[in-house]
Amino acid sequence: SGFVSQDLYLHGFFSASIKLPADYTAGVVVAFYMSNGDMYEKSHDEVDFEFLGNIRGKDWRIQTNVYGNGSTNIGREERYGLWFDPSEDFHQYSILWTQTHIIFFIDNVPIREIKRTEAMGGDFPSKPMSLYATIWDGSDWATNGGRYRVNYKYAPYIAEFSDFVLHGCAVDPIDHSSKCDATLNSNPILTSVTPEQRAKMENFRKKHMQYSYCYDRARYKVPPPECVVDPQEADHLRWFDPVTFGGARRHHGKRHHRSRSSRAEATAI
């Protein structure tokens, strides 16, 4: 189940305070994301925050991902451990999307920056998108690669959302003409992060990043062309998972891919 914005947007700042379901939530995916999959089935764009369910007593993980022009064959996932329990209180999750950058924030701390590069080609999201929030069963892949599945004896699973910010350029769904939010004139959207924010982002990534597609040697023998390899990040991930990030042979396990069609249909509000 879930909901979707009534308007399409081309660039802007989008945010919500979210409190996740508590107790045993393995396999339960809560997603806050932008997509145009309903309009462009084979060439859709998407920008994701996804919470990957949790086992009681374990630290929560969150995933970010980006698709452009239907480029689902190249997953650009990153995953991070959270330093707080997102089921105990509300926390702010935000997406800044401009012509040149996508930046993800948690509680106003930037955690990931994606720059539009020539190497990405059409894989950078560039078409109008709606804002979605959904909760759905991702048992096949979400928690420890599908090892732990949804147990419905712990249902109902309730995710709470508040303090929405949709600060961007609304687009007419018919002719795709754009009308920017009037507040953009007095409060223009930033296109990057400050030096102080960048320092916080680098510190966050050193401490909390657990997976990045750019360093996954089991998946990509050569990193995708837009990747900029940071030696410190590489060392951190190699220590965290030497099989995936050190090039050692994988003896077991299966990578699970999922389709957006598995998400429950969202309703407009």
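Is Asp-107 buried, exposed or partly exposed? I open with that residue, and I shall then turn to the side-chain contacts. Asp-107 is partly exposed, because its relative accessible area is 29%; the class covers what lies between buried, under 20% relative accessible area, and exposed, over 50%, with a 1.4 Å probe and protein chains only.

A word on the basis of these values. This is a predicted model, in which local features need pLDDT of at least 70 and side-chain atom pairs count only at pLDDT 80 or more, while totals for chains, interfaces and linings use all residues. Residues are numbered from 1 along each chain as its sequence is written, and side-chain values use heavy atoms, with hydrogens and water left out.

Let me begin with the backbone. Asp-107 has a phi near 50°, a positive value in a residue other than glycine. Asp-107 is located in the loop between strand S8 (101-106) and strand S9 (109-115); strands here are DSSP runs of E with at least two residues, helices are runs of H or I with at least four, and both are numbered from the N terminus. Asn-144 is not a glycine either, yet its phi is positive, at about 55°. Asn-144 belongs to the loop between S10 and S11, and with a relative accessible area of 44% it is partly exposed. The loop between strand S10 (130-137) and S11 also holds Pro-156. The peptide bond that joins Ala-155 and Pro-156 is cis, with omega at about 5°.

I turn now to the charged side chains. A salt bridge is taken as a side-chain nitrogen of Lys or Arg within 4 Å of a carboxyl oxygen of Asp or Glu. By this rule there are 11 salt bridges. One of them joins Glu-78 to Arg-205, with 2.8 Å between the closest N and O atoms. This pair links distant parts of the chain, since Glu-78 is in strand S6 (residues 78-81) and Arg-205 is in helix H2 (residues 195-208), 127 residues apart. Both Glu-78 and Arg-205 are buried. Where does this pair lead? Glu-78 and Arg-205 are linked with Arg-112 and Glu-233 in a network of salt bridges.

Asp-235 is bridged to Arg-238, the closest N and O atoms being 2.8 Å apart. Both residues lie in helix H3 (residues 231-240), 3 residues apart, about one turn of the helix. Asp-235 is partly exposed at 47% relative accessibility, and Arg-238 is partly exposed at 35%. Asp-140 forms a salt bridge with Arg-149, where the closest N and O atoms are 3.0 Å apart. Asp-140 has a relative accessible area of 47% and is therefore partly exposed; Arg-149, at 44%, is partly exposed.

Next, the cysteines. How many disulfides does a search of the whole structure find? It finds 1 disulfide, the criterion being a pair of cysteine sulfur atoms within 2.5 Å. Cys-214 is joined to Cys-227, with an S to S distance of 2.0 Å. The torsion about this S-S bond is about -85°, so the disulfide is left-handed. Cys-214 and Cys-227 are each in the loop between strand S13 (209-212) and H3, 13 residues apart. Both cysteines are buried.

The aromatic rings come next. Rings of Phe, Tyr and Trp (its six-membered ring) pair if their centres lie within 6.5 Å; planes under 30 degrees apart are stacked, over 60 edge-to-face, and the rest tilted. The count under this rule is 17 aromatic pairs. Among them, Phe-3 and Phe-164 are edge-to-face, at 5.6 Å centre to centre and 80° between the planes. Phe-3 in strand S1 (residues 2-4) and Phe-164 in strand S11 (residues 160-171) are 161 residues apart, and the pair links distant parts of the chain. Phe-164 is partly exposed, at 35% relative accessibility. Tyr-213 and Tyr-220 are likewise an edge-to-face pair, 6.5 Å centre to centre with 80° between the planes. Tyr-213 is buried at 5% relative accessibility, and Tyr-220 is buried at 15%.

Finally, charges over rings. The criterion is NZ of Lys or CZ of Arg within 6 Å of the ring centre and within 35 degrees of the ring normal. The charged end of Arg-79 sits over the ring of Tyr-211, 4.3 Å from its centre. For Lys-127, the charged end sits over the ring of Tyr-40, 5.1 Å from its centre.
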